[in-house]
Amino acid sequence: MAALFFKSEDVSYRLGTGGALIDRDKPVAFFLNGESLMGFQGDTLASALLAHGRIFCAPSVRYGRPRGIYTSCIEEPNAIFDIEDKRGRLSARPATMTPLRPGLKAWAPNAPAANAGGFRRAAAPLLDGASFGGLRQTVAPTPAPDATAEALGAEEELNFFADVLVIGGGVAGISAAKAAVASGARVLLVEAGGYFGGRALGDGDKIGRLHAATWIDKEISALREAPEAALRLNAEAISLTGAEGALILERPASPGPLRRLWRVKARRVVLATGAIERPLAFANNDLPGVMTASAMRDYLGLYGVEVGRRVAIFANNDDGYLTAIRLAEAGVEVAAVVDPRPDPQSALAEHAAEMGLPLRKGSVVGRAVASRAPGGRIGSVEIAPLRASGRLGGAENTACDALAISGGWSPLSALFGEAGGASVWDEEALTFKPEPEAIDLPFGASLEVAGSAAGAQSLGEALSSGLGAGKSAAKALGLSPARLSAPKLEAQKTDAATAHWIIPSAPDCADGERHFVDLAEDLTVAELERTARGSVDSAAALRKALGLSRPLGAISQTLALAVLADARGADLADLAPSGAAGLGGAAVSQSRALLETAAKSAAFTAERLSPITAWHEARGAQMGKLGAWRAPLHYPRQSGPEGEMEDAEEAVIREVRSARHGVAAYDATHLNRHVLAGPAAGDLLDAVFAEPVSVLPIGRSLVGLLRSEKGEGLCEAVASRLGECRFEITAADSAHVDLGGFWAEKVSGRDALSADISESWSTIAVMGAKSRLMLERLTEADVSEEALAPVQGMEARVAACPARIMRLAPAGGLGFEIVVPSSLALSVWEDLFAVGETLGVTPLGAAAIDVLRIERGRPAGGAEAAGTTGLGDTVLVGLEPQDPEETPPVGAELFLGDGDSDPAIIRWLFSAGGETGEDSAVGSVTSSCWSPTLGRAIALATVDRERVEPGETVHLRDQAGRLERMRIVAPQFVDLTEQHLDGWRSH
Amino acid sequence: MSERIEDVLSEVERAYSAEARGPFAGVAPQSEPHGVRIETLGHRGVVLIAADLSDADAAHKLAEAMPGWSGPLPELGATGSHQGVTLLRLDDKRLLALLNYTETAAFTAAVAASFEGAALAEPVSDGYAMLRLHGDGARELIAKGAAVDMHPAAFSAGELRRIKLGAVDVILHFPPVASAQADSEMIELLCPRSLAISLLGWLRRAGGRGVAPNAIVAQPKT
């Protein structure tokens, strides 16, 4: 049990007072690896764990070294947990960014390894000083977190439009939002964490005459009141490079979905994501208890938690003194304040001295030493004076159970890099910072960086930088910027940080194998130095050489590049990273991976239902997809003495026989229906149909083929003339043409108009020898052979509903189509089955329709060979096995649509005795089935009319590559009398 | 084909039910996910008019031909209402008229007669499904699925939007409301009949998770 490590130190580290974000009257129960713990409302998971002294999180990925909570921010490398509440589970979330909520369950992702004592076994050799060079090649990486499950989990999207998107809710972001709102812009302010105010809140600064907390409260309240401003917490910007807008991933604390993806279309983006405190590279700088100094102040100020009882501080800048002062003020014992600068001239250093804190100027921490306590928490540090030569003086051991470190600050600018931004070296601040020019984003916005993300070094600079960004955003939008000025801050004497990248160590650990640069990647100074021997001269090359799938995180990148520059004798300024491959951010990298996974999931398509769908389902139809429609494939019935259900084949055979010899009905609601009207309509239709339409008498129809401008066949369609200048065209959905767009384009610029009326009308097809008999029971109209000849239509009432009856039977034989208003279709259908019961009326599924069509010599649904069918040099023919006694060579696949056949495979035909390469093919099979009417397999093919003669024998290459002998026959396998179809094959 | 069915049935035909069923037949007419009420509407009259609306003379003539209408046609992307007729101007070629179902035949005939081929008027009442969203979360529910600016300053009464919601083509507008109802926001959605259940399912799922608190699509704050 990982929990075992903590038992002895599981006492409260919560101070009696303090904690700006927590409500001590509202305890919150939560679970860590199944164990129940308590925190307060307002805690993060990290602060609640620290309040129990639970700093250890999990063994490290490569070396199995113990690792603890290291930061209080989004770039946390160690405290990564799977989080679960009643809404679901999020994997690999930083505890530092996880708001505590009642019943929350946290699981260390690699808890099983800890259970087995894994980290101690693995860590032992390293702690003994063994070399681990080359491990990256031999140690299998831990599997990535379950990104797929998360990416495809309960996702919700929200589209949002704003003038200005401000990313980051610290003082710079708040100021930018304030200036933009005051200038009249619509603003969205998003903050990745659970509170506004950023560092200023944790550090308890003063802004003007106000305490930071009061100032933040005031400004946020004003923004909340402003009708044009929207604010979101726990909302992390993850991408600025999509054409559809900025992507913000919100993880609402509760209620709501676990994750909500915002697509924000803004015209201006202000990036105010702040900066992150860097570590210093000394031996064992990764032990639990070592933490960035600012994080330690956060836990103290925001959550009333002391990270250790006796804390040492090691910093190359004034942050160390600030941390020491805050800790001492809160009553935490300060063991030492270690500063490599021999004589820092700053107000904070002076104040710390006045407080009598144990200052160790001109010294460094050469090594952290683990205690014997479970969990590997730090027990002491070795502090040694740093001589002018760069060597260490005699080290002395100082007991402590936590160590605050600061190696300076780096802007968080991964999103800027992703958008193509480059960075420059700031020698004074010892950091890379984004170039100051605004850059363009793909969704038409421009991006400006502000605050410490842009390199601001003080609270005052951050405030005015934010305000300036808000104003320039307003200006860019054509608004007149509000007259606002940043609050005046008291000037404070500060002293610049000094560059101390690799801290010298005692000889027994000077090899750099335990000087960690990046904890998430378990990357050491030694490994970096080895890498630097190759041709690594940029951040991107370094990433590649280290075999990393993403740029190093913001927390470690500057240090890594400094080590690289040092090892190569290069100038650090020349290594300034740029672009997505160079500027890193752990959080952004992880979110982007999720996004890529989500993008790969299939696009959602809505399903269309006919007015009769419910009837089909109630009748037990096997439903399937017919284009976008949910349609019946066949209707299995009980059969046989035992009452067993028919299989698909039996059902389709029965349905086809009814359609030929009895009466059957088919729901053809999915047909598209367009009206074309106007003086030019007839000519226009002549141009797109293979058959002349303008000569049709009023009330008549024809079944024909729609052609593209190049003369290619697009789909089969029925054209009906309803008036002098009015035609209706019906056709099934086709993969080859969007009919709505097709007709709109055809009438454009012509003296004609088109209207899509597909949805308003439903078509019910009835067919079979007894179909007229049945129709006569439904209508008083005369539907006799004399009154309603083939391809003729009439207005009539069918089952008391206004309808048009058309004598049409595309699958051959006797048949009618009844066109009724969609709202009455179910009523007509039900009446049809009521009056047709004694005639044995059978519902037909799409599978039977396919078979009926092939029997009639018409390609089955969707299988029209576009560009070839019946046009040009090709002709549609039938195919039969040369020897009918042979096993049917073609058939079953398309017959039921559920065979093993791969529709992408073209079944080619070759001349008997000729070449069998695809270049030599004389044609190909378009559809095939087993015909219940004929009792044998049949197929349709398009062939080159110049090279194939009727009656000729050709060879068919089946999917297994075998050649089988087939005879070319006429495509009308079933002899029928309805002659109106002849236009189809007249070519 | 659009005359009132019940008026013209013969004795024999009365044996048949001729029961009209809307696209939401069998579905509870109202449902209330958090913060939004979804109301499915029954049979309404819809007439599709196709004409060259960019021609000012033609547009004027059309406006005069429409029974119950007076004044100019709404601009592109806009709506207008007069005496029970609401016009939705979809594009340069198409106009939808929403009206009482029983008036569709007369309306269609009047437009068709006065144009003789220069305008196409088709009764398409059966081709559309209609829904209404009521409540403060209505705008936000739409914003969950459509890339449309739902801020009141960007989209308000008198305008229409053509959007995709859950992969369904939807026309969005604010129906004219009696002043007694005007205190609560109401948005009307029109979609193809065959996709009605898909759209309703999408709305219920999206609404069922709750709309985000704080009225994030910038409801006017009071």
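1. Strand S48 (residues 908–911) and strand S49 (residues 923–931) of chain A form an antiparallel pair over 2 bridges; two strands pair if DSSP finds at least two bridges between them. A:Leu909 has A:Gly923 in S49(A) as its bridge partner. Helices (H or I, at least four residues) and strands (E, at least two) are DSSP runs, numbered from the N terminus.

2. This is a predicted model, in which local features need pLDDT of at least 70, side-chain atom pairs count only at pLDDT 80 or more, and totals for chains, interfaces and linings use all residues. Residues are numbered from 1 along each chain as its sequence is written, chains are lettered from A and ligands numbered from 1 in the order in which they are written, and side-chain values use heavy atoms, with hydrogens and water left out.

3. In chain A, 6 strands close into a barrel with antiparallel pairing, in the order S47-S50-S49-S48-S51-S52. From one strand to the next, the twist averages 45°.

4. Of the 11 residues of helix H9 (residues 293–303) of chain A, 10 are buried, so the helix is largely enclosed by the rest of the structure. Buried means under 20% relative accessible area (1.4 Å probe, protein chains only). Among the buried residues of H9(A) are A:Arg297, A:Asp298 and A:Tyr303.

5. Helix H23 (residues 771–778) of chain A has A:Ser771, A:Arg772, A:Met774, A:Leu775 and A:Leu778 as its buried residues. Down the axis of H23(A), these fall within an arc of 160°, so they line one face of the helix; the arc is that of the directions from the helix axis to the C-beta atoms.

Methods
Buried means under 20% relative accessible area, exposed over 50%, partly exposed in between (1.4 Å probe, protein chains only). Axes are lines fitted to C-alpha atoms, for helices over the stretch in contact, and angles run from 0 to 180 degrees between N-to-C directions.
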